[in-house]
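Here is a note for someone reading this structure for the first time. Please keep the sequence and the 3D view open while working through the points.

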Amino acid sequence: MGLRVLAAMSGGVDSAVAAARIAEAGHDVTGVHLALSANPQSHRTGARGCCTIEDSRDARRAADVIGIPFYIWDMAERFQRDVVEDFVAEYAAGRTPNPCLRCNEKIKFAAVLDRALALGFDAVATGHHARLVDGVLSRSVDQAKDQSYVLGVLTREQLSHAIFPLGDSTKAEVREEAARRGLTVADKPDSHDICFIADGDTRGFLAGRLGAAEGPIVDQAGEVVGSHQGAHGFTVGQRKGLRIDRPAADGRPRYVLSIEPVSNTVTVGPRSALEVTTITCVRPVWNGPSSLDDLSVQLRAHGEVYGCRFEETGDGLRVELDRPATGVAAGQAAVLYSGATVIGSATIAHAA
C-alpha cells in the first residue's frame, strides 16, 4: 500500500521530477508550493532567486502534468521570522549564516512537516540531491549537486518522514527525464544565491535593515588601514570589496580575518593568517550512525571536505582537521561524514 506523500514543489525541475517519481511509484501524492515572500516579484532575474509568482505558476503546471492535487501554503510570516530575521541577526552578531540550511531546518522540515503529519500525510518529499540509505542521510551520486550538507541539521525523526527521490540521479539525468515527461521546467535555470535577495546584493540588503555605521578596518597590529560602512557587510575570508587605504607592505592582497560587531571593527591580513586546524562547534545534531571510520567534515555548502577527528565537549564538540582550512566563518555548519554518510552537524562558533 502506498504512502500519503506531500511533495514540496518550488517551481524548479528537481522538485517537479521528484513529485513525478513518487506519484509513478504508486503513492498518493499532493503537491504544495510554499509562498515564502509577502511581496513576491512577478518574475525572477536570470537564475537568481526563487519563490516568485512565476515559480508558483511553474509548480502548478508541473502538478497538472503529473496529475496530482496542488495547493499553495502561505509560509511568508514564518519564513520572515525564522529565516530572514535570523539571517540579519546573525550578520549583526558578526557571524555568517546559511539561510538555505535554516530554511530546511525551520520551514521545510519543521513547519511544513508538522502540518503535513497533522493532516495525515506520512512523509514529505523534496527535490534535494541527497540519499536516504536505510533511513540514514548520505551524499548524492552527483557530487557536484550534492545537498546533504544543507540537510545535515535535520533530526533522525525528521529524516524518518523525508523522501529524497533524486539522490541516485545526476542533474543531467533529471533534466532529461523532465523533458521526457513533458514538464516545461526541464530547461529552467537553477536558482542561485539567497532566494530572498534576488539581486544578489547581500551587503545592500543588510545595510537596508541594519543601517550604515562607519567603522575601522585594521591590520593584525591594530593599525587602521581603511574604513567601512558596517561590519555586517563582511564575512571571514572575504577579499573583494574592502576599502583599504594603506596597501600591505608586501603588496599582497588582504582578507577579512575577523569581525567584531561590538566595536564595529574588521580585521584584515594575509591569506596565510586565515588557516585554521581546530574548530569549536555548538548545538550538535546527531542524526547518523556512530561510525568513526573514514571521518571527514564539510564546512560550507559545496566547499572542500577535510579529513578530521572530533571529540564531544559538554554541549558542543571540537573538530581537529588533518590539514588547514581557510575562510572558516562562525555561524556556518560543520557537517560530519563517515565516508558518504552524514553522522551529524553542529554550528561553528570559533576556529583557530
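This is a predicted model: local features need pLDDT of at least 70, side-chain atom pairs count only at pLDDT 80 or more; totals for chains, interfaces and linings use all residues.

1. Strand β1, residues 4–8, is joined to β2 by 5 bridges, and the two run parallel.

2. The β1 and β2 pair belongs to an open sheet of 5 strands, in the order β3-β2-β1-β4-β7, with parallel pairing. Which strands stand at the edges? They are β3 and β7 (162–163); each has a single partner strand, so one side of each lacks a neighbour in the sheet. As background, strands of a sheet pair through backbone hydrogen bonds, either parallel or antiparallel.

3. Helix α3 covers residues 76–92, which is 17 residues. From its first C-alpha to its last it reaches 22 Å, close to the 24 Å expected at 1.5 Å a residue. The helix is not straight throughout: at Asp86 it bends by about 30 degrees. After α3 comes Gly94, which has a positive phi near 85 degrees.

4. Which residues of α3 are buried? They are Ala76, Phe79, Asp82, Val83, Val84, Phe87, Val88, Glu90 and Tyr91. An α-helix has 3.6 residues a turn, so residues three or four places apart point the same way.

5. An unreviewed UniProt entry places the feature "active site" at Cys103 and Cys195. These positions are spread over 93 residues of sequence, yet they cluster in space, with a largest C-alpha distance of 10.5 Å. The label comes from the record and may be inferred rather than shown by experiment.

6. Where do the two cysteines sit? Cys103 is found in helix α4, while Cys195 lies in the loop between α7 (171–180) and α8. Cys103 has a relative accessible area of 8%, so it counts as buried, the limit being under 20%. Cys195, at 23%, is partly exposed. Leaving aside residues up to four places away in sequence, Cys103 touches Phe79, Val83 and Lys108. Phe79 and Val83 are also among the buried residues of α3.

7. Strand β13, residues 295–298, is covered on both faces. Leu295 and Val297 are buried on one side, and Ser296 and Gln298 are buried on the other. This can be read alongside a general rule: in a regular strand the side chains alternate between the two faces of the sheet.

8. β13 has antiparallel pairings with β16 and with β14. It is joined to β16 (residues 333–338) by 4 bridges, and Val297 stands opposite Leu336 there. With β14 (residues 305–313) the pairing runs over 3 bridges, and Gln298 stands opposite Val305. The hairpin of β13 and β14 has 6 residues between the strands, and in it His302 takes a positive phi near 60 degrees.

9. For the protein chain as a whole, the secondary structure comes to 8 helices and 17 strands. Its radius of gyration is 21 Å, close to the 20 Å that the globule rule gives for 352 residues, so the chain is as compact as a globular protein of that length. Along its principal axes the C-alpha trace spans about 70 × 50 × 35 Å.

10. Buried residues make up 50% of the 352 residues. Of the contacts with a separation of 6 or more, 66% are between residues 24 or more positions apart.

Terms used. Residues are numbered from 1 along each chain as its sequence is written. Side-chain values use heavy atoms; hydrogens and water are left out. The expected span of a helix is 1.5 Å times one less than its number of residues. The bend at a residue is the angle between axes fitted to the seven residues ending there and the seven starting there. Buried means under 20% relative accessible area, exposed over 50%, partly exposed in between (1.4 Å probe, protein chains only). Contact means heavy atoms within 4.5 Å. Two strands pair if DSSP finds at least two bridges between them. The radius of gyration is taken over C-alpha atoms; the globule rule is 2.2 Å times the number of residues to the power 0.38.
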